[in-house]
Amino acid sequence: MRTLTFTVPAEYEGCRLKGFLRGYCNVSARLLVKLKRVPNGLCVNGTHAAVVSLLRAGDNVCLNLPQDEETAVPSEVPISVLYEDADLLAVNKPAGMAMYPVPGSDSGTLSNAAAFHWRGAGESCRFRPVYRLDKNTSGIVIIAKNSYIAAALSHNIQKEYIAVCEGILLGEGTIDSPIALAPGSKIQRMVSPCGEAAVTHWQSVCSKNDLTFLKIHLETGRTHQIRVHLSSIFHPLSGDDLYGGHLDKIGRQALHCHSARLIHPVTKEPLFLQAPLPEDFVLLLRELNVVIA
């Protein structure tokens with residue numbers, strides 16, 4: 001069982017426990033309901049407390065999170081760990097590794113690899129990625145090791161992607177176009193007025209040999225969002241043959257989640273993580289005379 005402890009700051013003097021948990025601690029409504037059912041799930045100064053309890057500055061509030069029961073099947077697949085503590089695991093996912101098992105293939109995914117990694121450390125955690133990357137997109141994936149962290153970090157991570165698209169794209173811009181599933185497909189997406197809102201911000205770093213190196217930030221996280229949006233403005237990612245790119249420079253979409261910024265939900269300390277580029281991306285960037293660690 002993971003125990004999280006928070007000290008009540010002066011501005012929450014006289015606040016009810018529920019307000020402190022929902023406001024300062026970012027505890028989700030779902031987790032709060034679950035904690036109320038766990039013996040000593042919520043404690044103040046070492047004593048079981050109700051959500052209507054009044055708090056004083058300096059009180060110690062403890063959340064006793066229930067142990068995960070559902071975990072993935074471990075597979076002995078190496079992963080590159082960028083950061084880990086009692087609550088978070090950040091890895092540099094390689095291209096070609098799926099996030100989750102699919103019917104007929106229940107091993108070799110990031111879920112299986114993380115389970116194997118945790119088993120070696122004597123831990124048992126449910127696989128809770130805070131966001132997903134496509135199978136052939138490389139880069140940082142942040143995995144919450146408990147339900148509190150998963151909820152607290154949802155939509156609270158600032159990621160920077162780097163990409164290489166086809167054609168010459170100058171300056172910077174925003175693509176604000178809804179995305180929907182393409183008719184007759186279970187995989188491919190398209191820009192459609194009937195889709196879900198999707199916003200992508202891009203910045204051109206340099207162009208050469210009919211390729212453009214981009215830095216990208218997202219406001220939303222739709223499936224294939226960067227790939228669909230760049231294709232919609234006639235600049236598909238190099239290597240992304242599903243959306244009009246060509247395979248002569250790289251054998252998969254040239255997209256890498258390069259960095260992530262967040263405030264740790266427990267320590268309240270800022271974290272900045274970077275994922276080194278895989279070799280295929282390094283070779284592609286050489287065509288643009290770009291070198292990135």
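**Ground rules.** I number residues from 1 along each chain as its sequence is written, and side-chain values use heavy atoms, with hydrogens and water left out. Because the model is predicted, local features need pLDDT of at least 70 and side-chain atom pairs count only at pLDDT 80 or more, while totals for chains, interfaces and linings use all residues.

**Entry 1: the four-stranded sheet.** I took helices (H or I, at least four residues) and strands (E, at least two) as DSSP runs, numbered from the N terminus. Two strands pair if DSSP finds at least two bridges between them. I found an open sheet of four strands, in the order β1-β4-β2-β3, with antiparallel pairing. Which strands stand at the edges? They are β1 and β3 (47-48); each has a single partner strand, so one side of each lacks a neighbour in the sheet. Strand β2 (residues 42-44) is joined to β3 by two bridges. There, Val44 stands opposite Thr47.

I then looked at helix α2 (residues 29-37). Helix α2 lies across β2 and β4 (60-65), and runs at about 85° to β4. Contact here means heavy atoms within 4.5 Å. Axes are lines fitted to C-alpha atoms, for helices over the stretch in contact, and angles run from 0 to 180 degrees between N-to-C directions.

**Entry 2: around β13.** I followed β13 to its partners. Strand β10 (residues 172-176) joins β13 through five bridges, antiparallel. Gly173 faces Trp202 of β13 in that pairing. β13 also pairs with strand β14 (residues 211-218), again antiparallel, over eight bridges. Ser207 has Thr212 as its bridge partner in β14. The hairpin of β13 and β14 has two residues between the strands, and Asn209 takes a positive phi near 55°.

**Entry 3: Ser192.** I found Ser192 in the loop between β12 (189-191) and β13 (199-208). Is Ser192 buried or exposed? Ser192 is buried, because its relative accessible area is 13% (buried is under 20%, exposed over 50%, partly exposed in between; 1.4 Å probe, protein chains only). Leaving out residues up to four places away in sequence, Ser192 touches Pro178, Ile179 and Ala180.

**Entry 4: aromatic rings.** I searched the whole structure and got five aromatic pairs. Rings of Phe, Tyr and Trp (its six-membered ring) pair if their centres lie within 6.5 Å; planes under 30 degrees apart are stacked, over 60 edge-to-face, the rest tilted. Phe6 and Tyr148 are edge-to-face, at 5.9 Å centre to centre and 65° between the planes. This pair links distant parts of the chain, strand β1 (residues 2-7) and helix α4 (residues 147-153), 142 residues apart. Both Phe6 and Tyr148 are buried.

Tyr100 and Phe127 are edge-to-face too, at 5.3 Å and 80°. Tyr100 counts as partly exposed because its relative accessibility is 30%. Phe127 is buried, at 8%. Ring pairs also link Tyr12, Phe20 and Tyr24 into a cluster.

I checked charges over rings as well (NZ of Lys or CZ of Arg within 6 Å of the ring centre and within 35 degrees of the ring normal). Lys268 lies over the face of Tyr24, 4.9 Å from the ring centre. Lys159 has its charged end over the ring of Tyr131, 4.3 Å from the centre.

Entry 5: The UniProt annotation "active site", from an unreviewed entry, covers Asp134. UniProt positions are given in the numbering used here, feature names are shortened, and annotations may be inferred rather than shown by experiment. I located Asp134 in the loop between β7 and β8 (138-144). What does Asp134 touch, not counting residues up to four places away in sequence? Its contacts are Lys93, His224, Arg227 and Gln253.
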